Structure formats: C-alpha cells, structure tokens
Amino acid sequence: MKFSVEQIAEILEGEVEGEGGVLIDHFAKIEEGRAGSISFLANIKYEPYIYSTESSAVIVSREFIPKNAVKTNLIRVKDPYLSVSKLMAAYQQMKKVKKTGLSPKAEIDETAGIGMDVYIEPMVYVGEQAVIGDRVSILAGAYIGHRVKIGPNTVIHPGVKIMEDCVIGSNCVLHPGVVIGSEGFGFAPDENGVYQDIPQLGNVVLGDNVSIGANTTIDRATMGSTRIGTGVKLDNLVQIGHNVEVGENTVVASQTGISGSTKIGKNCMIAGQVGFAGHIKIADGTKIGAKSGVAKSIDEPGGVYSGHPLLPLKQYLRLMINLSKMK
Amino acid sequence: MKFSVEQIAEILEGEVEGEGGVLIDHFAKIEEGRAGSISFLANIKYEPYIYSTESSAVIVSREFIPKNAVKTNLIRVKDPYLSVSKLMAAYQQMKKVKKTGLSPKAEIDETAGIGMDVYIEPMVYVGEQAVIGDRVSILAGAYIGHRVKIGPNTVIHPGVKIMEDCVIGSNCVLHPGVVIGSEGFGFAPDENGVYQDIPQLGNVVLGDNVSIGANTTIDRATMGSTRIGTGVKLDNLVQIGHNVEVGENTVVASQTGISGSTKIGKNCMIAGQVGFAGHIKIADGTKIGAKSGVAKSIDEPGGVYSGHPLLPLKQYLRLMINLSKMK
Amino acid sequence: MKFSVEQIAEILEGEVEGEGGVLIDHFAKIEEGRAGSISFLANIKYEPYIYSTESSAVIVSREFIPKNAVKTNLIRVKDPYLSVSKLMAAYQQMKKVKKTGLSPKAEIDETAGIGMDVYIEPMVYVGEQAVIGDRVSILAGAYIGHRVKIGPNTVIHPGVKIMEDCVIGSNCVLHPGVVIGSEGFGFAPDENGVYQDIPQLGNVVLGDNVSIGANTTIDRATMGSTRIGTGVKLDNLVQIGHNVEVGENTVVASQTGISGSTKIGKNCMIAGQVGFAGHIKIADGTKIGAKSGVAKSIDEPGGVYSGHPLLPLKQYLRLMINLSKMK
C-alpha cells in the first residue's frame, strides 16, 4: 500500500512543502527513516534530525521555522503528534482483519450472554451470567468472572483478570496482565493486633474509551463502586485502591498509586511514581509532577504541583535548585 | 435476607439509638445510603454525612458525640470499623455457596496429592507431587509448581503463579496475578563485567492467614527460605526480594519494595511506595510513612518514622514544613 | 551427591585452609549451616557468623583476615560471590533433567515454526508464524503472539505474555507474569481534551542472555523497536516505556521506571524505585542510587549519582546529612 505525500497531506488537512508526488509506504522514526518513510517532528529535541533525515516526508507544525536547509519533503499541520496518530490509526485500520468466533478450547459458561461478532481465544474463562458485548475480543488466558459486563468493541488482552460483578464500558482496551476487581487492602486489627479481613462487597466500574496499562491493578470497592471515568488512560503498573474515583479524560502515568477512597477530578495529568494518600479530593485539571507525594486535597482546579512535600510548580523548582546548592 | 436494627446491634454487642425495628437489607457507603441501607462512620472526615444520610442505620463509636441533629438510627459499638467488618463477613458467609470438584480441563499431575472438598477450575496447572490441602480453591489459569504445598482453606485467585517447592499456609488468600517463588535478582559480574546468574535454590514459605495483593511478587531464597509470617497482609504490586523475612501480623501497603535479605519485625505497619535497602533489620512494631527510604536497621521497637532520609516522625514533619517555606 | 572440600576448591581454583577431606552435600546460608553444608562470606555484615557457623566449609576472599578463631574449613578464592554462583550453577546443571515435548493441551498454531527439543506445557498459546528456537522451554499459561521469534535455550515462565512481532534472544529467562510488547502510553489530546490513541506499530527486541523479572512490563515502540541489550538484567515490577533502549550488561533493580524514548548506556547499575524522565540519554557505566529521580541526560560515563534532585553521590550524602540536622 503506497500513498503520495500529496494524498497524505490531504488526509491530514496539511500543506506540502516540497514534492507532493513522492511515494510513502511505511512509518519510521525521524532518525531511522529511509526512502519511502514518513516521520514526524513534535518534540523540539529531535529537530537536528530534520536536517539529515533520509525519510521521504516529515510531518511538522505550521509554526516550525527551519534553522538550516531541509532536504526532505514537509507536510505542515496544526498538531504533528495528533496528525501522525490519526494517520497511523487509519493505516492500522486498513491492515487489521477483524477476527470473530468462539474457540472450543475456551471455557464459556452456558449462562453467559455473548454478543454478535465476538472473538474469544483458547484458554479464556467466562463465568456465569457474564455479558459480553458485540465485537468484543478476548485473547488467550483472560479470566472474565461471574456476572461481569463488557461493553461493545472492547479488547481484553492475554492474561487479564476481571473479577466478579465488575463492569467494563465500550471501546476500552485492557492490556496484558491487568487485574480489575481484586479485593482491596481492608483489614481491621482486633484487640490482639491480629488483622481481620473486611469483606469487599462492591465492584469496579469502567466508563467508555478507557485504556488500562499492563499489570495495572484496580481494587473493587468495599461498598459501592471504584469508578474509572470515560476516556481515562492509566499506564502500566498503576495501583488504584478501593472506592477510588478517577474523573473523565484523566491520564495517570506508570507506577503511580492512588490510595483508598481518593477522588481524582476530570482532565488531570498525573505523572509517574506519584503517591496519593487516601480519602482526599483532587480538583479538575490538576497536573502533578513525577514522584510527588500528595497528602492533602487540592481544591482549586487547574493547578500545577510537584514534589514531596507537594508544592506549586514554581516553588518546587526553586526548592530543587536550593537543595542542589546546599553546602 | 432482612434483619432489624435491633438484631444487628445484638450481633455486634452494640446499643441502638433510635428505632430498633427498622429493617436492613444491604450495605452502603454513608453518602450513598437509602432506605434499607446500613452504613458506618469510622473516619471523622465523613462526619458531615451522618447528618444528611438516607441510610436506615449507621454504626458509630460509643464515643461519638453528634454536633447536629441525626435523623438515622445509630448502633453504638466499641470499634465501628471492626464491627462492620464482622457484619460483612457474616453476610458474605451466609451468601457464599462453597464450590468443590476438579475440572477435567485442569491439568493435574497424577502424582499430586489433592485433599477433601478441593475446588479446581479449568486451565489450572498442578505440578508433580504438589500437595493441595482440604477445601482449597484454585481458580482458572493458576499455576501450582512441582512439590508446592498449600494448606487447608486457602484461596488461589486466577492467574496466580506459585513456583516449585514453595509452601503456602492455611487460610491464605493469594489475589490475582501474584507470583510466589520467582528467581531473585542474583547476578555476579565476572571479570568482563558480564553478569553470571546465581542459581536460586531456596523457596518461599508463607504462614497461615496471609493475604497477598494482586500482581505482588515474592522471590525465592538463594539458599534457605524467604519467609512471610502468619497474619501478614501485603497489598498490590509489592516486591519482596530473596531471603527477606516479614514478621507476624505486619502489614505492607502497595508498591513498597523490600530488598534481599532484609528482616522486617512483627506487627509493623509499612505504608505505600516505601523502599528498604537489603541486609537490614527492622524492629517489631515499627511504623514507616509513605514513600520513605529505609537505608539502615532500626533497633528500637515501636518507633514511627518517615521520609528519605528516614527521620523520626516529628522531625520529619518539621523538615517538611521547613522545606515548604524555603525561599 | 557428595564432594570433598578439596574437590570443590579445585573446581573454584581456590585454596583450602583446614581439612580438605570433609564431605559437602548441600548449600546453606552461613548462619543456618550444619555438618555437610557449604556457605560463603561475601558481605562483611555477615562476618560475625564465620566464627560460629556449623557449616563444614565457607568460601571466602583471599583478602579475608579473620579477627577471631575460625572452626570451619575455608576455601579462599578471588571472588566468593562469583565462585559460589558458579558452584551452584554446576550443581543445578547436574540435578536438572531437561524436559522436551509439546503438550497436546497447548494451542500451537500450525504455521508456527518449532525447533528441536522444545518443551511446551499445557495451556500455552503460540500464535501464527511464531518461531520457537531449539531447546526453548515454555511453561504453562504463557502467551506467545503472532510472528514472535524466540532464540535457542530461552526459558519462558508461566503466565508470561509476549505480544505480536516481538523478538527474544537466546539464553534469556522471562520470569512469571512478564509482559513484553504491550502498547505504550501514547495518547494525543484532541481539541476537546479527549485523548486519541496513538497506534503502537513497533516491537520489542531483547538481546541474548537477558533476564526479565516477575511482572515487569516492556512496551513496544511506537515506530521501530524498544531495545534491551545483550546481558541486561531487569528485576521485578520494572516499567520500560516505548522506544526505550537499555545498553548491554546494564542491571536495573525492582520497581524502577524508564519513560518513553530514554536511552540507558551499557554497564550501568540502576537501583530500585528510580524514575527516568522521557527522551534523555544516560552515559555508559553510570550508577544511580535507589529512589532517585533522573530528569536530565548524563553525558559523562562512569558517574555515581543519587537523589531527587539527582546529585553526584558525595553531594547527595552531604545533603542527606544536612536535611537530617535541619531544625
């Protein structure tokens, strides 16, 4: 499958700078491109490569002003990262053959409800009264517990475990090894300091278009639901405690942990290895830097914070400089 | 199944304040309750809800003094959190139908010893000479290695991997994705800086009533045993290195890591994202705050510490305030 | 199987101090040894045990000068840790019976290429056109995606997931629950703050002699390859982002995270719970202390750093002392 630079520019509503007739047949990183490659430049760190790249075309911002001569052909767009993402998605869509059918080597309970055009691989377990939506794919070795509901078009990767009574929205992707609905860390010490289990009777509810990274764990609520809003993206090895709520379109990077009953607002950006105390509330649009420790609620929306103790970004950066200079 | 407020108070050895005859049929969070709900108030942050809750009854402490009028019925007990936990456990017990039987789609080696009333789901692997105690449940996709021993009443969740020669006590719960007995991180660089594997010939031994959180990993000992004491509770995504020992009734929150050969005492409370250096000893009853870095042994029992560098709690809190004020 | 102290010394090119004729039949930790045990002393913390150990022999450094009387027999070698590792490997080799054969309960696609003397357990999935090298072992419940290539002698532990198109070298060990080739955390916000998936079209390439710890996750590249060099050792619960490169013979301890497109040099030593920002470069031979935050590139090879902010080791240690003393 080949496309001309001109055709691609048209798809992306961009403008060609150079030869529109050159043919493209694959994607490549700007530093690894060769004839036939299309690359992109979004992060300014990679600018030096645009002057030496062998790629046949590079997608750049309309604002980009080259400092040196550029040999390659440019496609200028509003947002290069978003554009290349759309282009790759279109390419992936064309290549993908949607598989359907239920493997006879899967163990699907006869009381489970299976939608249209569902694909279930071998060694999958689907429990009693589970409901699997139309066009869902469940790959080998996944575990779908009793009474779990999965919305249409969702993809469940190998080795995912969804425990009983949890609800997964439509168009979600659960990456390999994800655990949804494990029993949270609820123990009450008795008079002898011996911990008694607190039964976890609630569930986990995921909205639509949610992506959960590999080996991430989300505990079920003690009562009620742990809730992950529509459009939320969690990275790998994230921990979500019982009764946590994460608002719509919030993104959480790898190895971050959110303790029980904490509520994160909408459109937040949480970096990696952050820790949140339990029972706090974080306002919409909050941004938190990597490795931060968040001990208290944040009431004002849209703030940017970092550190442990958590400080407004400017103050944090000043503190980092001060600590670096301490004699 | 319905119970009166009076009946529940009797079970909990509590006193009713309000109407004892009101009927209860489910649990709910205090802020989500409605007619028929029973809720509890343990964390004082949630006090405002007791004045507005629609729950038919709320379990509170005997010491609780309302600041405003309370519409709901109260059940006063010594420890609300422990009481609700007992109540939920009793409820869960009544509801649960204990399943037994070995799936023909499990792969159980003929030399394995299987106890009475064991439940094994499809796609489970049980290796040579493994010994499975009475009333153990092993859910789909779990892996039980050669010569593993599992004590009575233990529950092994989907996708748990227990590697060869490890020993699991009775009444344990291993949550989904747990790895027990992986080969630890033992490598010795040779003269060329190339790492040679150090074989890990030991095992992991879990006591009774141990709970291991989802996707937590516990490495086998190089020689001897990595030991997790009776009553220990590990949260999700915890890392336990080779030859570590964790004393009885110690709790460890999510994403904490304990390096090789470190010994944690009994009745310790370790918060989340803490890191322990290797080859150190932590005294009984020690409490460590979230995100701390523990580089040295702690000899005195019962201390409370936090931070990185690790400091006694008071000093740590003062340091946090000082850092927040630094210009 | 018994060996004399003399025989063992010969294998290790060491010198006996004591009785060479004493027989050895197992390994034990120096503090747990008894008659017939061989132990080693590498970490000076354990020196006190050498004066009281019941082990029949202890491997020590040629430089070791006892402070008190030693009852046990010594084998003096250049590097005790490396020597015991060689000895244990030889012992393990003698004991191990190499299994071969393909379980009829595995699901192996007919287009997959399977080498000589391969061992595949039940409930393993091998996808289309996968290529499995000679003498590879794949344990129960592992998932090998379409077109995955695995080099000779590699061991794939239970529940490992290797996603499509990834390449694994020879003599690698992938511990239980590892995920290779998950789709990285790539999302571009559109004009409404809704995140659009960026397709991840690349793969993961592992060199030879690589060891990946339990439940560690390695994301595939957006374009091109995420690369883990020959001889690299990753511990448990490590996160490797998309397009990361880790150089040869680098070791990374547990719960460390490396963000997208970062390049780590050769022969680096990275401690546990470290976080690396994305798009940075770390020079060969760099050592990073536990819990550090690495925000910028490190250009000079062989440096030792720690902390957050990251500082040269000496400066970091001074800062830790200063913070501990702050009033």
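Author: The side chains of Glu245(B) and Lys263(B) form a salt bridge, with 4.0 Å from N to O. This is a predicted model, in which local features need pLDDT of at least 70 and side-chain atom pairs count only at pLDDT 80 or more, while totals for chains, interfaces and linings use all residues. Side-chain values use heavy atoms, without hydrogens and water, residues are numbered from 1 along each chain as its sequence is written, and chains are lettered from A in the order in which they are written.

Reader: Why is the contact of Glu245(B) and Lys263(B) called a salt bridge?

Author: A salt bridge is a side-chain nitrogen of Lys or Arg within 4 Å of a carboxyl oxygen of Asp or Glu. Glu245(B) and Lys263(B) are listed as such a pair, at 4.0 Å. Side chains of opposite charge can pair when their charged atoms come close.

Reader: What makes Glu245(B) and Lys263(B) distant parts of the chain?

Author: Glu245(B) sits in strand β30 (residues 245-246) and Lys263(B) in strand β33 (residues 263-264), 18 residues apart. Strands here are DSSP runs (E, at least two residues), numbered from the N terminus.

Reader: Why are Glu245(B) and Lys263(B) called partly exposed?

Author: Buried means under 20% relative accessible area and exposed over 50%, with partly exposed in between (1.4 Å probe, protein chains only). Glu245(B) has 22% and Lys263(B) has 24%, so both fall in between.

Reader: How do you know that the salt bridge of Asp197(A) and Lys233(B) joins two chains?

Author: The closest N and O atoms of Asp197(A) and Lys233(B) are 3.5 Å apart. Asp197(A) belongs to strand β23 (residues 195-197) of chain A and Lys233(B) to strand β28 (residues 233-234) of chain B, so the pair joins two chains. Asp197(A) is partly exposed at 39%, whereas Lys233(B) is buried at 4%.

Reader: What makes Glu47(B) buried and Lys67(B) exposed?

Author: Glu47(B) has 7% relative accessibility, so it is under the limit for buried. Lys67(B) has 64%, so it is over the limit for exposed. Glu47(B) and Lys67(B) also form a salt bridge, their closest N and O atoms being 3.1 Å apart. Glu47(B) is in the loop between β5 (37-40) and β6 (57-61), and Lys67(B) is in the loop between β6 and β7 (73-77), so the pair ties together parts 20 residues apart in sequence.

Reader: How many salt bridges are found over all chains?

Author: A search of the whole structure finds 32.

Key:
Helix = DSSP H or I, 4+ residues; strand = E, 2+ residues; numbered from the N terminus.
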